[in-house]
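Hi everyone, thanks for coming. I'd like to walk you through a model, so please have a look at it with me.

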There are 2 protein chains.
Amino acid sequence: MRNPRADSVIQVKGDRQPSEGRPKRQRNARGQGARLTEDIVSGALALIEREGTDEAVTLRAVAREIGIAAPSIYAHFPDRATIMLAVVARVFDELTQAILQARAVAGDDPVERLVAGCEGYVAFGLRGPARYRVLFSERRLGLDDSWRDYCEPFEIGPDGSPVLAFGAESFALLVQALSECIASGRSRSTDAMADSTAIWVALHGTVSLKTAAPGFPWPEPDDFVRQFVLRLARIMPEPPT
Amino acid sequence: MRNPRADSVIQVKGDRQPSEGRPKRQRNARGQGARLTEDIVSGALALIEREGTDEAVTLRAVAREIGIAAPSIYAHFPDRATIMLAVVARVFDELTQAILQARAVAGDDPVERLVAGCEGYVAFGLRGPARYRVLFSERRLGLDDSWRDYCEPFEIGPDGSPVLAFGAESFALLVQALSECIASGRSRSTDAMADSTAIWVALHGTVSLKTAAPGFPWPEPDDFVRQFVLRLARIMPEPPT
DNA sequence: GTTCTTACTTTACAACCGTTAGCTCATCTG
DNA sequence: CAGATGAGCTAACGGTTGTAAAGTAAGAAC
């Protein structure tokens, strides 16, 4: 059994330059090198939205996207995982803004504000399914502590990863909205944390399943969301007169 | 600007045989060739559970896993997507069995049966997060009609893909369980379909988020599930005497 | 004007991947 | 026993990826 174990490789192949195809990006000015860091994150995000999956984010693909050479990324990020972490941080920020904006146009009624925020969450997710998916799909494996240098200083979970620390801001908005309903006597919830968690779970499930199974006979989204939010938030059937 | 466009490649590399490392699988008997089809699906599933992601399923990895040569797969599946489809079909089947089993030990009370099925769903998901994830993460793209030859004959969605046809069985169990609660006067739901959808969405969200964010302060799972199922199913506070 | 430094490139390597073409070898059929 | 056929193999092509090493262009500092 002659096993050609010695995998000898002679490869005479040149990588394509970044200049071909894509518009070549012009070099940053002297002090502005950090600007490329932002562009890398933007490029990765654009790639995700265009291709529909985060698997499209490879160092080379990102480099092509923004018109630089692949190894140039190493000056800004140590590896792919850290790029993705920065992407996640940015998308969580966008999510928080979307919720705040939806809530802002909802008036003063605490229940309406709660519902509006939830509808905003779902609308955000459905507006960019791939972008939303990265929030909770990152296997944060093989990721050392260097993420601290590239993201805001978040708290660390018990397993040493930044886990939900990212979503904390959005989740806090939800807890706060429910608490206001409780305080104003509109909800008979006795555990804002647990009930917020239930709402969050349902919101996430809605986005996740609606994008994964578009063929399912889904009810009209806003009313569907409203109905389950009211029940999970233990909103009273009749407002107190 | 001399651009070495002509990417001439001289590659003198031999692939590794499947025999090295892995235990070489012994050839199937004459009529039993189809047995490898099952083994390929099992191998892909094992790979998913071990590596934690379906990205680990490459033709070569599956071949290594079960001790065959990569090209041998082509006699059984035309491409990776079809293998994944068969995996999804099998996992959905496992899910249905898990729900049925959980329900079987729940006694006769329709509410308890509903809750037990839901807890079974969540327990199944948490028992094998990667396995569960494939159910709803497959981008069914670039997948021609040949899936019909490898899975049970499912209905086709409006976009020509088998989409939710897979989960239909599990979902039907849920609708049925809720309908029994309605019929026995324990639920005041007037739309079993919509309320089942809400429950499904919450169940999926629970599994998805609990595995994605294990660092979050999750409530005890069974009670958490029971609480939101009762509310979403519009179960009466007091059983009728 | 020389030197230093920043912000990148180019080139190359080693390891994967899917897929094709053609081969081997045991077993069943006549 | 001859031949067909099923079941799986080897070898190879052309492509992808991450990443190391070394090179270069332009502006700032002296």
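Before I go on, some housekeeping. This is a predicted model, in which local features need pLDDT of at least 70 and side-chain atom pairs count only at pLDDT 80 or more, while totals for chains, interfaces and linings use all residues. Residues are numbered from 1 along each chain as its sequence is written, chains are lettered from A and ligands numbered from 1 in the order in which they are written, and side-chain values use heavy atoms, with hydrogens and water left out.

Now, chain A as a whole. Its secondary structure comes to eight helices and zero strands, where helices (H or I, at least four residues) and strands (E, at least two) are DSSP runs numbered from the N terminus. Along the sequence the pattern reads α-α-α-α-α-α-α-α. Of the 241 residues in chain A, 46% are buried; buried means under 20% relative accessible area, exposed means over 50%, and partly exposed is in between, with a 1.4 Å probe and protein chains only. As for contacts, meaning heavy atoms within 4.5 Å, take those in chain A with a separation of 6 or more: residues 24 or more positions apart account for 72% of them.

Back to helix α2 of chain A, residues 59-66. This helix is mostly covered, with six of its eight residues buried. Those are A:Leu59, A:Ala61, A:Val62, A:Ala63, A:Glu65 and A:Ile66. They pack against α1 (35-51) and α3 of chain A.

That brings us to α3(A), residues 80-104, and its meeting with α5(A). Two packed helices are described by the angle between their axes and the distance between the axes. Here the axes come within 9 Å and cross at roughly 115°; they are lines fitted to C-alpha atoms, for helices over the stretch in contact, and angles run from 0 to 180 degrees between N-to-C directions. The crossing of α3(A) past α5(A) is left-handed, which is the term if the near helix is turned anticlockwise from the far one by less than a right angle, with right-handed if clockwise. On the α3(A) side, the residues involved include A:Val88, A:Phe92 and A:Leu95, and on the α5(A) side they include A:Arg131, A:Leu135 and A:Phe136.

Why does A:Leu95 count as buried? Because its relative accessibility is 1%. Beyond its neighbours within four places in sequence, A:Leu95 is in contact with A:Tyr121, A:Phe124, A:Leu135 and A:Ser170. A:Leu95 and A:Leu135 are 40 residues apart along the chain, and their C-alpha atoms are separated by 9.8 Å.

Next, the rings. There are 22 aromatic pairs over all chains; rings of Phe, Tyr and Trp (its six-membered ring) pair if their centres lie within 6.5 Å, and planes under 30 degrees apart count as stacked, over 60 as edge-to-face and the rest as tilted. Take A:Tyr132 and A:Phe136: the ring centres are 5.7 Å apart and the planes are at 65°, so this pair is edge-to-face. Both residues lie in α5 (residues 129-137) of chain A, four residues apart, about one turn of the helix. A:Tyr132 and A:Phe136 are both buried. They also belong to one aromatic cluster whose members include A:Trp200, B:Phe216 and B:Trp218.

A:Arg131 lies over the face of A:Phe124, 4.0 Å from the ring centre; the criterion is NZ of Lys or CZ of Arg within 6 Å of the ring centre and within 35 degrees of the ring normal. In chain B, the charged end of B:Arg131 sits over the ring of B:Phe124, at 4.0 Å from its centre.

Staying with chain B, helix α6(B) covers residues 168-183. Its 16 residues reach 22 Å from first C-alpha to last, close to the 22 Å expected at 1.5 Å a residue; that expected span is 1.5 Å times one less than the number of residues. Among its buried residues are B:Phe171, B:Leu174 and B:Cys181. The cover over the buried residues of α6(B) includes α3, α4 and α7 of chain B.

One last stop: A:Arg234, in the segment after α8 (221-232) of chain A. Its phi is near 55°, a positive value in a residue other than glycine. Happy to take questions!
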